[in-house]
Amino acid sequence: MTLLELEDVTAFYGPVQVLEGVSLSVPENGAVGILGANGAGKTTTLRAISATVRAGGRIVFDGKDIRGTRPDRVAALGIAHVPEGRGTFGDLSVRENLRVGAYLRKDRKGIASDIDYCLDLFPNLQDRITSNASALSGGEQQMLAVARAIMSKPRLLLLDEASLGLAPSTAKAVYDAIRRLRVESGIAMVVVEQNANLAFTLVDSATVLETGRNVLTGTSAELRGMDEIRRAYLGG
Amino acid sequence: MASVPSPRQRSWVRWAGPLLLVVVLAVLPLVFPESVNEIIARIGVFAVAVLGLNLVMGYTGQVSLGQIFFLGLGAYVTAYGVSNDWNIVVVFVLACTIPAVVGLLVALAAARLGGLAIAMVTVALPIVGVPLAKRLSDYTGGSQGLSARFGDAPEGTGLYDDQWRLYLVLAIGGAVFLLTRNLVRGKYGRVFAIVKKNENVASSVGISPYRYKVLAFTLASLIGGVSGFLYMLVIQYTSPETMSFGHSIQLLAAMVIGGAGSILGSILGGAYYVLVPQLTNLVDPSLTALLQGATLLVVLFVLPGGLASLARPLGRGRRSSHDRRGPTPPITPSATTGSGTAAETPETERQGHP
Amino acid sequence: MATFIQLVVDGLSTGSIYAAIALALVLVHQATGLINFAQGGMAVLAAYSAWWLTARGVPLVLAILASIVLSFLLGAAVERWLMRRFERGDPDTAVVVTIGLLTLITGICGWLFTYNNQQFPSLFSLDAVSFLGVSVSQRSIGTTLVIVVVMFLLQGLFAGTKLGLALRAVAINPQSAAFSGLPVERLLMVGWGLAAVLGAIAGAMVAPQLTLTPGMLDNALVYALAAVILGGLSSPVGVVVAAWIIGVLENLAAVYIPLIGYDLKVAVPFILIFVVLVIRPQGLFGRKTVVRV
């Protein structure tokens, strides 16, 4: 059962065409990576899904074309976007950040238990629960960003460069937690990542973008084996 | 643009326009009736005032709600000097320097605050200025105000007073415009534009935004003082009402409607300031404020570059033919770009501290 | 001594009015990063609508409540139809837009209700209460109390409610807020609406004292701006304290410093700003006063 289907998606920034036709298919409970060099259109693909850029083509989520809706509506459908640069609320405490994440929910008990779950998933946040997000370290902010996203109980998580600017050990810790989340919750994921090796620890399959187009799609196992592809696109 | 004119032709073209303008301006006062000359003189007065505001706001991006105060101050200094029979040159110099010094002092404090705070502090100038003028009645004549007549046509010129005064306004105002034009098209203008665009960028290339904001504000105050001198020359009467909050807002509206960051816009702004209230008064005096507010909003919506932007395609074509590196292309207020979707500006984060 | 205390209490009362408008400015600034120079003008329009209703026999309290509802709608409408276009652009342009709005509203008030002073009935009795030899008008006490209560409600809204949290989140990062499903545009309208409500309350409190004119709150706006500069744009508490300090100081200065007197007391907050800028450039409270981000 396919949860999200992108067909020939195009997007422009002003007059510049950034996406020239990207396709992507994410099964229910699946995790798909988007790989590629800088400027290949990875982030824009995520932004097209979350309706922060206007896109052409077809973006079907759960059987409905969601193109042209507003970002908050997309979120309400069950798509949570963890943007590049984290996008936490700096002047709000960690707990408040998590509560904002749960804005669309009404079940107080469920929210409380999900906050506990987030703190269990990211124990670093436990001690910082009353600190302002702006006072957190980069790794903690990334954890908070993911935690905030899952507070909305999404069916699909869009993860943009979660390892960016983090020390390798921190990046690994973040990905370990996300993998655990995936196993325990079954949330489907679209994962944009520069660091291909890190991405392959999380995703089942991946597509490689070059100048706004898919150039290669395959399972993690297939792609991982392709040395020249890795050198060319993934900087590995 | 089919044929490129030779350098000689170009310099001829370059001088012909201004020369023609000077000739026209020299002849017109002789043929116009007194009432028209007076209106043109008033437009000149407020064009200079708007120009001062444009320097600090249009070119340097610091919203000032206090420009009218410097006009009032210059007018009072002039009125006081003239009624005490001081030499008119001394009066003129004082009418320039006293507002400039006051402006410098205000700017030294206000420019320490970032961005909008300058608007928030300068709004105090007219608000405090009016009661202050009433209080200092020994110098200002209190609520009654001061009258002073000067600038009558000298014997032997054969000119009427209104013609002579208009010539004075055109000469002094023209000089101020010329100097300001050279300033904003030169090195300082480029720096002002950088400060306007992004103070952080300015700092990163070694420009002190503080210093240039103070400079722009001080020069604007000086130009305000000149406009005050001209105000007394033409209107011959000033009172605390001259620098009221309402007038301050009207001046700002005139600048925006004329065209922010534009020399031509300053002249159009002066004309707007003088002519439009007369027109709206004709319609219905109680509608004046309403119409002015509505006009300002409409202009901001549909013509963010002001009236001057209508004339721009023509002006730019001509200028680029002989002055390619003419530095700051008139900066259209970023309202047009600002309405872009969130997509075009991904970094919309407004966190105080990273 | 009795005079002194009386002056302080009256100062707190006028300071409360400044505080309410200053809080409205802070609210709008928090939500949209703008300074709304029309905040006072919108409050005057609200006061006129209440006055118009009382003149038609509506009881004062009901008239004020109606004007508060009206203000909320006006504030939201202004955000939606006027300011939204300028919110992400150059803040200076947006400031000019609010100045245009101020002119327009003043013009509308003057056109509909003339520029003549209108008597606005007071919610509180003018009788004085004697307390330990000091007589203070009930109006001063009532005004102060109303504004204090409003401030606590506002504080409660922001600290304790989901709506308040959402408003703060939108102010900090609209994009992330949308990613979490917050209806950003509607919340911005709510923020402007609430700010207008604050202004309307301030207008209704101060109108009996100043009598109603289209420019009634021009000076109060200036005081409020001063309070915002002194108190810090991000600190509601700082702004309120600053407004009170301004209210009290200007009252005392008017009486005890002949050089200032009643006519020049409007200069007091700016002398204060000047002094603060020289000795403490970061402002009275908090980290930094006014920084454009």
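Predicted model: local features only at pLDDT ≥ 70, side-chain atom pairs only at ≥ 80, totals over all residues.
1. Let's start with chain A. Its secondary structure comes to 10 helices and 10 strands. The C-alpha trace spans about 45 × 35 × 35 Å along its principal axes. The radius of gyration of chain A is 17 Å, which agrees with the value near 18 Å that a compact globule of 236 residues would have.

2. How much of chain A is buried? The share is 50% of the 236 residues. As for how the chain folds back on itself, take the contacts in chain A between residues at least 6 apart in sequence: 68% of them join residues at least 24 apart.

3. Is A:Leu209 buried or exposed? A:Leu209 has 26 C-beta neighbours inside 10 Å, and 20 or more make a residue buried, so A:Leu209 counts as buried.

4. Which residues does A:Leu209 touch, leaving aside those up to four places away in sequence? They are A:Val22, A:Ile34, A:Gly36, A:Ala40, A:Gly41, A:Lys42 and A:Asn214. For a sense of scale, pick A:Lys106 as well: A:Leu209 and A:Lys106 are 103 residues apart along the chain, and their C-alpha atoms are separated by 39 Å.

5. On to chain B, which has 16 helices and 2 strands. Of its 354 residues, 50% count as buried. Looking at the contacts in chain B with a separation of 6 or more, 78% come from residues 24 or more positions apart.

6. Two helix pairs in chain B are worth a look. Two packed helices are described by the angle between their axes and the distance between the axes. For helix H8 (residues 161–185) and helix H9 (residues 187–197) of chain B, the angle is about 65° and the axes are 4 Å apart. B:Leu183, B:Val184 and B:Arg185 in H8(B) meet B:Tyr188, B:Gly189 and B:Phe192 in H9(B). By class, this contact of H8(B) with H9(B) has 4 nonpolar, 1 polar and 1 charged residues.

7. The other pair is helix H12 (residues 245–258) and helix H14 (residues 288–302) of chain B, whose axes come within 10 Å and cross at roughly 35°. The crossing of H12(B) and H14(B) is left-handed. On the H12(B) side you'll find B:Gln250, B:Ala253, B:Val256 and B:Ile257, and these meet B:Gln292, B:Thr295, B:Leu296, B:Val299 and B:Leu300 in H14(B). The residues of this contact of H12(B) with H14(B) divide into 6 nonpolar, 3 polar and no charged.

8. One backbone detail in chain B: B:Asp85 has phi near 60°, a positive value in a residue other than glycine. Where is B:Asp85? Look in the loop between helix H3 (67–83) and helix H4 (88–110) of chain B. B:Asp85 has 9 C-beta neighbours inside 10 Å, so it counts as exposed.

9. Chain C has a counterpart for your list, C:Thr114, with a positive phi of about 65° although it is not a glycine. C:Thr114 is found in the loop between helix H4 (91–113) and strand E1 (128–131) of chain C. Is C:Thr114 buried or exposed? C:Thr114 has 12 other C-beta atoms within 10 Å and is exposed, because the class takes in counts of 12 or fewer.

10. Now chain C as a whole. The secondary structure comes to 11 helices and 2 strands, and reading along the sequence gives the pattern α-α-α-α-β-β-α-α-α-α-α-α-α. The radius of gyration of chain C is 19 Å, close to the 19 Å from the globule rule for 293 residues, so chain C is as compact as a globular protein of that length. Its C-alpha trace spans about 60 × 55 × 35 Å along the principal axes.

11. In chain C, 60% of the 293 residues count as buried. Of the contacts in chain C between residues at least 6 apart in sequence, 71% join residues at least 24 apart.

12. Finally, the record. For chain C, an unreviewed UniProt entry lists "transmembrane region" at residues 6–27, 34–54, 60–82, 94–113, 144–167, 187–208, 220–247 and 253–279. What does the model show over residues 60–82 of chain C? That stretch is 100% helix and 0% strand, with its end C-alpha atoms 31 Å apart. Residues 94–113 of chain C are likewise 100% helix and 0% strand, with end C-alpha atoms 28 Å apart.

Notes:
Residues numbered from 1 in each chain as written. Chains lettered and ligands numbered in written order. Axes fitted to C-alpha atoms, helices over the stretch in contact; angles between N-to-C directions. Left-handed = near helix turned anticlockwise from the far one by under 90°. Contact = placed C-beta atoms within 7 Å. Nonpolar A, V, L, I, M, F, W, Y, C, P; charged D, E, K, R; others polar. Rg over C-alpha atoms; globule rule 2.2 N^0.38 Å. UniProt positions renumbered as here; feature names shortened; annotations may be inferred.
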